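Welcome! Take a moment to look around, and then let's walk through some questions together.

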Amino acid sequence: MTINLIKYGLTTAVQADLTKENGQILGRIIGQHRDWYQVITTAGERSAQVTGKLAYEAASPAAFPAVGDWVCLSSSADNQAQIEAIAPRQSVLARGAVNRQDGQIIATNINTIFICMSLNADFNVRRLERYLTIAWDSGALPVIVLTKADLATKLRAVADVSVGVPTIACSAETGQGLDELQPYLTTGQTVAFVGSSGVGKSTLINRLLGQDILATKSIRTDDDKGRHTTTSRQLIPLPTGACVIDTPGMRELQIFMGDLNQTFAEIAALATQCKFNDCTHTSEPGCAVRAAVEVGTVTSERLQSYQKLQREMSYQGLNSRQLEQAKIQRMFGGKQAMKRVKQRYHRD
Ligand code: GDP
Ligand code: ZN
């Protein structure tokens with residue numbers, strides 16, 4: 001069996017960037033598991049682990065492979081595939097700062113991130129802004145996808161925050177607007193879909209795949225799991241020539257976007273009694289939250305998961321006014337750069 005890696009996004013640029021040593025072969029990470037990686041190569045799928053050297057020299061989680069990475073593989077004596085090196089990344093979608101210990105890579109080498117919002121209940125401009133920030137920071141180009149266009153229209157509110165970002169209204173139900181996604185789905189392109197649960201990402205991806213590969217909400221509740229081709233792959237080729245990345249981390253992105261104070265209402269209430277307004281409940285004096293942990297009204301596990309989420313959220317912890325002000329500067333580095341970015345959308 002020979003696999004054509006072009007289906008998995010291989011471009012001449014990738015090949016030029018990667019120096020393979022003798023006997024090494026090229027592969028792309030299509031699945032990440034607890035202690036092994038699924039890698040697609042011209043010879044088919046391989047399971048692989050990172051070499052001891054790579055693990056030893058890794059200074060942060062960012063030094064480990066992630067779904068989307070192009071890698072050099074070698075085989076050890078017991079025929080176990082080993083990941084020797086990672087090609088330079090074109091983009092990195094992460095939660096938290098990737099060079100920090102608590103940073104976490106969700107996927108790499110994504111060309112376009114489709115930010116999905118449904119035109120009915122889910123619609124939320126603040127959330128859209130946060131997704132835009134994450135997308136711009138990743139190095140991928142964001143495209144806003146307003147899903148379920150058959151149900152409603154709220155296009156004007158989106159135009160206010162989406163300065164220069166292409167916006168597509170579509171419906172997986174009627175097929176309306178789907179052709180507008182096609183320019184981003186050509187050979188060599190890698191895309192991802194982010195957005196709240198229930199906005200229709202899986203339905204849309206299935207529609208693009210031409211098969212029900214991903215389980216969608218309505219079908220899950222029917223408990224009709226058998227209909228779905230189970231796939232452990234997190235990077236899937238589309239018939240259009242592009243490939244789509246759908247990792248568990250991509251799904252979780254919506255959780256950490258959620259309102260922390262709602263999920264941890266009791267901690268939020270206690271925090272108002274902390275001595276310091278910006279108390280992180282780690283080592284500050286007069287911390288009401290840690291006092292509650294000491295007397296046992298809040299478990300330390302609960303505080304830990306709160307702090308973990310808080311760290312992740314501090315990444316997009318700008319308040320909405322700061323976001324407004326910093327928007328063009330941060331996204332584009334000024335008006336000139338914004339023009340250039342807009343031109344990038346129109347290149348072929
Ligand atoms: P996900 O959580 O973002 O992957 O959302 P799903 O793809 O599971 O869809 C959630 C629900 O929305 C399902 O009941 C879908 O049938 C429904 N849905 C998805 N796309 C559309 C659409 O274009 N129009 C309408 N009316 N419903 C949709
Ligand atoms: Zn505190």
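Q: How many helices and strands make up the secondary structure of the protein chain?
A: This is a predicted model, so everything here is read from predicted coordinates. The secondary structure of the protein chain comes to 13 helices and 13 strands.

Q: What share of the residues in the protein chain is buried?
A: A residue counts as buried when its relative accessible area is under 20%. The protein chain has 348 residues, and the buried part of them is 48%.

Q: Among contacts between residues at least 6 apart in sequence, what percentage join residues at least 24 apart?
A: Contact here means heavy atoms within 4.5 Å. Of the contacts in the protein chain between residues at least 6 apart, the share that joins residues at least 24 apart is 62%.

Q: Which residues coordinate the zinc ion (ligand 2)?
A: The donor atoms sit at 2.1 to 2.4 Å from the zinc ion (ligand 2). Along the chain, these donors follow the spacing C-x4-C-x1-H-x5-C. They are Cys274 (SG), Cys279 (SG), His281 (ND1) and Cys287 (SG).

Q: What is the geometry of the site of the zinc ion (ligand 2)?
A: Four donors count as tetrahedral if all angles lie between 85 and 135 degrees. The angles among the four donor atoms of the zinc ion (ligand 2) are 100 to 116°. The site is therefore tetrahedral.

Q: How many residues apart in sequence are the parts tied together by cysteine 274 and cysteine 287?
A: Both cysteine 274 and cysteine 287 are buried. Each lies in the loop between α9 (265-271) and α10 (288-295), so the pair ties together parts whose separation in sequence is 13 residues.

Q: Is histidine 281 buried or exposed?
A: Histidine 281 is found in the loop between α9 and α10. Beyond its neighbours within four places in sequence, histidine 281 has contacts that include Ala271, Leu303, Tyr306 and Gln307. With a relative accessible area of 2%, histidine 281 is buried.

Q: Why is helix α5 (residues 201-209) largely enclosed by the rest of the structure?
A: Among the buried residues of α5 are Lys201, Leu204, Ile205 and Leu208. Just after α5, glycine 210 takes a positive phi of about 75°. Helix α5 is largely enclosed because, of its nine residues, the number buried is seven.

Q: Which residues line the largest cavity?
A: The count comes to one cavity of 30 Å³ or more, and about 50 Å³ of space lies in the largest cavity. Its lining divides into four nonpolar, two polar and one charged. The lining residues are Val14, Asp17, Trp70, Ala87, Pro88, Gln90 and Asn109.

Methods. Residues numbered from 1 in each chain as written. Chains lettered and ligands numbered in written order. Predicted model: local features only at pLDDT ≥ 70, side-chain atom pairs only at ≥ 80, totals over all residues. Heavy atoms only, no water. 1 Å grid on protein atoms, 1.4 Å probe; cavity = no way out; pocket = protein on both sides within 12 Å on 5 of 7 lines; lining within 4 Å. Points joined across faces, edges and corners; volume = space filled by probe spheres on them. Nonpolar A, V, L, I, M, F, W, Y, C, P; charged D, E, K, R; others polar. Donors = N, O, S within 2.8 Å, 3.2 Å for Na, K, Ca; no water. Tetrahedral: all angles 85-135°; square planar, octahedral: opposite > 155°, others 65-115°. Helix = DSSP H or I, 4+ residues; strand = E, 2+ residues; numbered from the N terminus. Buried < 20%, exposed > 50% of the residue type's maximum accessible area, 1.4 Å probe, protein only.
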